[in-house]
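Please keep the sequence and the model at hand while reading.

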Amino acid sequence: MIPVDDSALVRFLDADGTFAPSPAAEPYREAVERIGDADLETFYRDMAVIRAFDVQATNLQRQGQLALWPPSYGQEAAQVGSARAARAQDHLFPSYREHVVTKIRGVDPIDIIRVMRGLTHGGWDPTDPKNGNTHIYTLVLGSQTLHATGLGMGLVFDGRCGTGDLDRDEAVIVYYGDGASSQGDVHEAMVFANSYRTPEVFFLQNNQWAISVPVATQSRSPLHKRGEGYGMPSTLIDGNDVLASWAVTRTALDEARAGGGPQAIEAMTYRLGAHTTSDDPTKYRTSDEEESWRRRDPIARMKAFLIGKGASDAFFADVEAESQALADDVRTRTNALGGLERDDMFAHVYSEQHPLVGEQRQWLADYEASFEGGAS
Amino acid sequence: MPFSRAINAGLRAALAGSDRVLLMGEDIGKLGGVFRVTEGLQAEFGEQRVLDTPLAESGLVGTAIGLAMAGFRPVVEIQFDGFVFPAFDQITTQLAKLTNRHEGALQMPVVIRIPYGGHIGAVEHHQESPEAYFTHTAGLRVVSPSTPNDGYWMIQDAIASPDPVIFLEPKSKYWQKGEVDTSARALPLHASRIVRRGTDITLVGHGAMVTTMLQAAALAEAEGTSIEVVDLRSLSPVDYGPILDSVRRTGRMVYAQEAPGFTSLGSEVAATVMERAFYALEAPVLRVSGFDVPFPPAKLEGAYLPDADRILEAVDRSLAY
Ligand SMILES: Cc1ncc(C[n+]2csc(CCOP(=O)(O)OP(=O)(O)O)c2C)c(N)n1
């Protein structure tokens with residue numbers, strides 16, 4: 001692991017939940033102190049509920065119900081803080097692990113399940129307002145950073161940012177990982193974003209591992225420093241501290257939306273689970289390392305903080321009940337998911353009719369029909 | 001009007017017709033593109049409609065995708081055929097599939113203009129025929145105009161298409177002149193066209209090869225052979241109607257292309273014609289192609305590219321059956 005420069009790190013909550021802002025956190029302190037108790041509880045609720053969903057999905061995969069599951073376990077604070085920092089009009093581009101981000105924006109978690117069960121390559125419609133301008137997952141690493149940048153260019157061209165109206169101006173946030181940061185597309189996205197001053201936040205979740213490859217193989221210098229090379233303000237945060245994630249992302253998004261151009265954030269975090277359910281992390285990392293990060297668990301940290309502030313037992317019991325209800329609901333609905341029609345694969349290849357696709361669809365229908373009603 | 005000016009006029013009409021249309025590319029603004037196809041358009045429509053972008057092909061196509069998501073209709077220029085590959089990932093894994101992955105909820109009206117093919121004596125990676133890579137990818141439409149009139153209309157139709165279109169411009173034709181009828185289009189985007197009537201054999205091809213096929217037909221006529229020539233125009237989907245009609249009349253077919261022959265567009269069209277018009281054929285469908293080697297240095301391109309003689313050799317072989 002690359003040593004973290006603590007003087008640059010924005011952190012509000014210590015691993016034990018004590019409110020102890022780091023020096024770099026000072027500029028954000030006032031905003032964080034203004035967060036009301038209800039919102040603080042929402043942050044906790046988001047994290048705890050999605051963890052229950054994540055554990056349930058992992059179990060469903062183990063039981064053969066899903067082809068694959070990429071757990072978000074351990075990265076909840078980075079995701080909740082940043083997603084809650086986005087305003088309703090903002091556009092979000094996840095990669096494939098941002099389960100809580102999508103849920104916060106309104107995407108039904110069963111839609112992620114449908115992707116991982118092999119029922120769709122998409123899952124939801126980003127143009128449907130109920131999905132909160134959330135784009136679909138992208139499995140080709142880094143690709144989505146360019147799509148986010150292009151959308152940001154469109155916002156600039158249409159004058160949908162930089163007018164000075166924070167409630168209306170739009171911004172974009174794009175999520176990617178430490179491994180993805182090595183992809184050429186991420187570099188090109190940063191070049192385009194800075195050339196066109198897109199209202200965009202590059203949100204890098206450094207969870208220390210790209211499957212089995214440590215971050216040191218991706219970069220010998222701290223990743224947040226790269227942003228500066230492109231001309232972007234770049235900030236390092238403790239990704240396991242939901243308050244730091246919220247405050248820095250809120251500020252960066254607002255600066256971007258106000259015309260300040262793209263911004264970069266590196267969230268120092270850790271995936272406590274496997275990369276996906278096909279992965280065996282015991283082959284490449286030590287239990288000591290995992291244990292040291294488990295002691296920095298973002299949910300336990302927030303819980304301790306809330307208890308210190310006097311949150312009630314009833315609140316935690318309520319979150320527990322909601323978590324259980326979501327997990328149960330997902331299991332029930334997963335089991336109830338139907339199959340696909342053969343015809344579905346021909347349905348959306350093009351928006352306009354394409355004769356080759358039409359002919360092959362018809363051929364398959366006729367071929368299938370030839371078996372019906374008993375062959376001679 | 002020269003072919004390059006015709007495409008320029010088509011782009012101008014599209015830019016004037018909708019302020020959602022954007023041109024993006026390397027050197028397309030002030031310079032007007034290395035082939036000057038976009039000349040004058042930035043001066044007329046401004047730097048925000050005609051963008052001189054950073055030098056990054058994946059970035060170009062990837063951000064065009066995002067712009068389409070924001071409701072624009074980007075037209076991307078790739079400077080030369082050999083430079084499309086850095087963008088290949090964004091084209092084939094993203095652009096081609098996003099409508100499908102969104103189950104139809106999102107359209108991808110992005111046009112990628114690529115000057116392609118040989119005959120200009122250029123240096124390495126400046127004369128390639130990458131069409132099969134794109135025709136092999138579902139979700140893309142691939143077209144190639146071969147005349148100024150088609151250049152003018154097909155670029156507008158491509159921009160109007162809700163689906164991504166790979167727009168292959170035969171670069172050796174940029175200076176070729178021809179009539180442009182700006183009052184009405186002759187054919188829809190995806191129609192093939194019989195450009196010369198004949199009775200003995202059908203020649204099929206696309207792009208710059210159409211001119212070569214017409215030369216071959218003129219030479220053959222002097223020797224008493226009547227050749228019909230079909231311009232594919234649309235490489236995906238292929239409009240088989242006129243081709244099959246023609247083959248049913250002549251009983252013979254030769255496909256001519258600059259691209260290497262192995263697993264090429266010509267292979268696909270030949271196989272399909274044999275499947276659908278088998279009993280009309282007097283001879284197997286033959287292919288005349290570039291060789292299965294990297295496009296050679298310019299001094300050898302004359303040996304690499306099919307010319308009228310190589311086409312006529314295949315015509316003779318077909319007629320000898
Ligand atoms: C272009 C590309 N190459 C390889 C892969 C296979 N792959 C999937 S995830 C992954 C590691 C990604 O690591 P990182 O970007 O740090 O994100 P994380 O999974 O840790 O959240 C790899 C190599 C891929 N999806 N896309």
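## Salt bridges and the interface

Asp297(A) and Arg51(A) are both buried, a word used here for under 20% relative accessible area, with exposed meaning over 50% and partly exposed in between (1.4 Å probe, protein chains only). This is a predicted model, in which local features need pLDDT of at least 70 and side-chain atom pairs count only at pLDDT 80 or more, while totals for chains, interfaces and linings use all residues. Residues are numbered from 1 along each chain as its sequence is written, chains are lettered from A and ligands numbered from 1 in the order in which they are written, and side-chain values use heavy atoms, with hydrogens and water left out.

The table gives some salt bridges, each a side-chain nitrogen of Lys or Arg within 4 Å of a carboxyl oxygen of Asp or Glu.

| Asp297(A) | Arg51(A) | 2.8 Å |

Asp238(A) is buried, at 6% relative accessible area, and Arg301(A) is buried at 1%, whereas Glu368(A) is partly exposed at 25% and Arg342(A) is exposed at 55%.

Turning to the interface, 43 residues of chain A and 46 residues of chain B take part in the contact (heavy atoms within 4.5 Å). The two chains bury about 3,400 Å² between them, 58% of it on carbon and sulfur atoms, where buried area is the accessible area (1.4 Å probe) that two parts lose on being put together, summed over both. Between chain A and chain B there are two salt bridges.
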